[in-house]
Each structure stands twice: as structure tokens, then as C-alpha cells.
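Visitor: Please take me closely through one part of this model, and say how each term is meant.

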Amino acid sequence: MSLNNARPLLGCIADDFTGATDLANMLVRGGMRTVQSIGIPSAEMAAGLDADAIVIALKSRTTPSAEAVAESLAALEWLRERGCEQIFFKYCSTFDSTAAGNIGQVSEALLEQLGSDFTLACPAFPENGRTIFRGHLFVQDQLLSESGMQNHPLTPMTDANLVRVLQAQTRHKVGLLRYDSIAQGVEGVRNRIAELRAEGVSMAIADALSDADLYTLGEACADLPLLTGGSGLALGLPGNFRKAGKLRDIDAAKQVAISGGEVVLAGSASVATNGQVAAWLEADRPALRINPLDLAAGKPVVEQALAFARDAGQTVLIYATSTPDEVKAVQQELGVERSGAMVEAALGEIAKGLLDAGVRRFVVAGGETSGAVVQALGVQLLQIGAQIDPGVPATVSSGAQPLALALKSGNFGARDFFAKALKQLAGAA
């Protein structure tokens with residue numbers, strides 16, 4: 001995976017696997033040759049890395065805050081050793097985090113380690129309906145707290161005021177970079193940042209209603225050592241490096257096609273993934289649902305799923321996706337952590353069994369599920385290709401037996417995403 005660059009320009013730390021892929025997708029769209037590592041790369045992997053941007057995917061969104069901070073600081077040290085000029089901390093466009101506040105605590109730790117006194121926090125992603133106005137996050141036309149995210153099984157979001165949410169997670173003073181400053185352009189943003197710094201603000205939620213706002217923010221913050229946010233904020237970053245003469249104009253998304261069998265695995269309970277599962281079923285395509293209660297009872301769920309995939313004679317969907325009420329019922333019986341962990345482990349085992357049976361193309365829905373699957377498959381490094389849907393690119397793993405993967409955040413993708421992803425992975429170029 002040699003890309004003939006002296007060192008990476010941008011170093012990124014993501015708090016989950018699909019979030020990392022989402023960010024990498026945005027950077028590739030901007031012309032940055034991007035690789036994604038699953039966890040901090042080993043010394044052997046590091047020796048072969050050569051890209052404009054490196055995204056380290058952690059699984060730190062829902063871990064205890066102290067662990068999330070320690071992992072993120074270790075990733076920062078690795079990226080700084082490679083000479084990265086700017087650091088980006090990526091979290092979800094719905095700003096979800098644990099009640100203890102991993103977003104705020106990790107941002108605070110990174111900021112202090114970099115010796116900086118200010119950063120932005122902007123999860124906006126207008127292309128996927130995430131916008132911020134007067135510090136409040138909207139999902140399409142609904143406040144975050146009324147969008148369905150208030151029912152998220154692991155990270156329920158019941159407050160749309162991001163200034164308030166972030167302030168509860170950090171000792172640093174949190175402020176607001178409002179839309180009227182952004183409307184004044186790059187200089188308006190820089191002037192407002194100077195004022196916020198003078199007021200003792202270390203982190204500022206930034207309003208953003210359009211991609212144009214994100215480009216403005218990216219350009220205005222070219223000199224900040226640390227930026228934090230959703231993938232949308234990365235829109236303007238490639239242009240900064242290009243303007244500085246550090247980025248070449250090439251096809252950053254080119255990939256090789258991967259032959260072999262294919263499967264769709266879905267573990268997310270989000271509204272978007274429920275719709276995608278429904279679309280698959282409506283098309284009368286073969287699907288098998290995994291029941292966590294069967295797993296808890298010790299039934300041979302994995303073996304049954306592998307037999308189903310083997311006997312179907314065509315591409316199958318294996319899913320644990322459920323409605324919020326169904327998820328709550330299972331959690332009440334098994335516990336939140338236990339039920340989620342069992343499903344992730346089972347889907348990981350199924351993925352490994354399918355790999356052994358010749359499957360080489362995997363479409364995976366859900367951040368936690370994607371993490372379990374790539375770990376089970378032994379994937380350590382991904383080359384990022386062309387976009388399938390906003391926030392979701394095609395990817396190809398490194399190694400002697402490359403795999404094609406589409407790793408989708410639960411909330412992302414059109415209703416026909418599964419069929420669209422399979423088609424693109426089969427014809428990746």
C-alpha cells in the first residue's frame with residue numbers, strides 16, 4: 001500500500017469503526033489518499049504505511065472514559081511520531097457518547113497533550129441531515145432529542161443543546177461559534193475564535209447549516225493543532241493542504257475488484273438500518289434473523305446461520321436488527337451490555353465462518369457490529385475507495401487475502417443501501 005508520500009499530513013482518531021470509515025470517505029472525496037487502521041498499527045504495519053491521511057479506528061465511544069482517554073492518547077502519540085501536521089478527533093454526527101462523557105474527556109486530553117488552548121466541536125453533516133443552529137443539533141427537521149436518538153440502546157441522547165451536553169463532560173469552558181460569525185466568512189470565524197479565546201473558552205460548538213459553512217470552518221481552522229467533530233468538518237481540510245502545495249491531484253479512490261462470495265450482516269437497531277432490512281425483505285431476498293434470547297439459551301445460532309447461508313444459493317442477509325421496543329424487552333431480560341455483546345460476538349463468529357466458506361465481500365450495518373466483524377476477520381488495515389452513500393465508502397483490506405467491505409454506521413445509508421453496496425463492492429475499480 002505504498003503511496004509515495006514522505007509522511008502523512010493529517011492524523012485522525014475515531015471513536016468507532018464506521019465513524020472512522022465515514023471520515024476516511026470524506027477525505028478521499030477531497031483527494032487525500034487515505035488508509036484506515038483497526039486500532040493502533042503494529043510496527044510491521046507502520047513500516048508500510050504511506051498516505052496523505054491516516055485514520056485510527058478505536059472502539060472507545062462506549063468504553064469507560066479513562067480507557068477511552070488512554071487509547072486516544074496512545075493513538076495521538078503514534079500519529080505524532082509519524083509527523084502528522086494536524087490531528088482530527090472524529091465522533092458521531094449525532095454527538096452520542098456515554099453519560100460520563102467520552103467526547104468531552106477525550107477532547108480535553110488531546111487538547112492538553114498537544115499544548116493547545118482551543119478547538120472546535122462540530123458534528124454537523126448536512127448531507128445526512130445533521131445540522132447545528134444556535135448550538136442545537138437537528139437530525140433532518142427534528143431536534144436530536146426527538147429524532148429517535150433518545151431511544152438509542154447504548155447512548156441515548158435526550159438533550160439537543162450541544163453546548164450544555166459538552167460542558168457537562170469537561171472541566172474546560174465551552175462556548176458557541178454562532179452561525180452569524182460563520183456567515184461573515186473565514187475572517188469572521190477567526191475573529192470570533194479570538195474573542196472566544198479571550199473569554200477563556202477552550203472548546204466551542206460550531207453552528208453549521210450547509211457544506212459551505214463546513215468549508216468555511218475548515219479553512220478558518222487550518223492552523224489549529226486539533227479539530228473535533230463529525231466527518232463533515234473534514235470537508236475543508238484537504239483544500240488547506242492543497243493550497244499549501246502538499247497535496248497532489250490524483251484519483252484517491254481507485255481500488256481493485258475482489259472476487260468471491262458476499263453477505264450482508266446487520267446488528268444496528270437504528271431507524272435507517274430497520275428501513276434497509278425492510279427493503280431487503282420486501283424484495284423477497286433470503287434473510288435470517290438472530291434472536292439474542294436464543295443466544296442466551298445456548299442454541300446453535302451461529303451454526304444455523306452458516307447453514308442457512310450455505311444452502312440459500314444466493315446472497316443472504318443475517319440480521320439482529322429490531323425495533324426500539326423489541327430491543328428494550330431483550331435488554332430488560334438480559335441486560336444492556338450482555339445482549340449487545342452476545343449479538344456482536346455471534347455476528348463476528350458468523351463472519352469468520354463465512355470467510356472460511358469463501359465469502360470475500362461483506363456489507364456490515366452498525367458501528368459496534370462492524371467492529372466485531374473486522375476483528376473476527378482479522379482485518380487490520382483498509383484502503384478507502386469511492387463513496388456508496390454519504391458517509392459510507394467501499395473499502396479493501398490489506399494482506400495476502402484482501403476483502404471488500406462496506407462498514408455502515410447504523411444511521412447512514414439510503415433504504416436500498418444493501419443492494420447498492422453489494423453492487424459496488426462487486427465492481428470496485
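**A span, a pocket and a helix**

Guide: In this predicted model, the end C-alpha atoms of residues 10-236 lie 12 Å apart, and the span is 36% helix and 22% strand (DSSP runs, numbered from the N terminus: H or I of at least four residues for helices, E of at least two for strands). An unreviewed UniProt entry annotates residues 10-236 as "domain: Four-carbon acid sugar kinase N-terminal", and such annotations may be inferred rather than shown by experiment. Residues are numbered from 1 along each chain, as its sequence is written. Local features need pLDDT of at least 70, and side-chain atom pairs 80 or more, while totals for linings use all residues.

The second largest pocket holds about 360 Å³ of space (an open set of 1 Å grid points where a 1.4 Å probe fits, with protein on both sides within 12 Å along at least five of seven lines; lining residues have an atom within 4 Å of a point). Of its 18 lining residues, Gln380, Leu381, Ser398, Gly399 and Ala400 are the closest to the centre. Helix α2 (residues 43-48) gives the most to this lining, with 3 residues, and at least three come from each of domain 1 (8-242) and domain 2 (259-424), whose bounds come from an automatic or database assignment.

Among the buried residues are Gly367, Glu368, Val373, Val374 and Leu377. After α15 comes glycine 378, whose phi is positive, near 75°.

Definitions and conventions: Heavy atoms only, no water. Points joined across faces, edges and corners; volume = space filled by probe spheres on them. Buried < 20%, exposed > 50% of the residue type's maximum accessible area, 1.4 Å probe, protein only.
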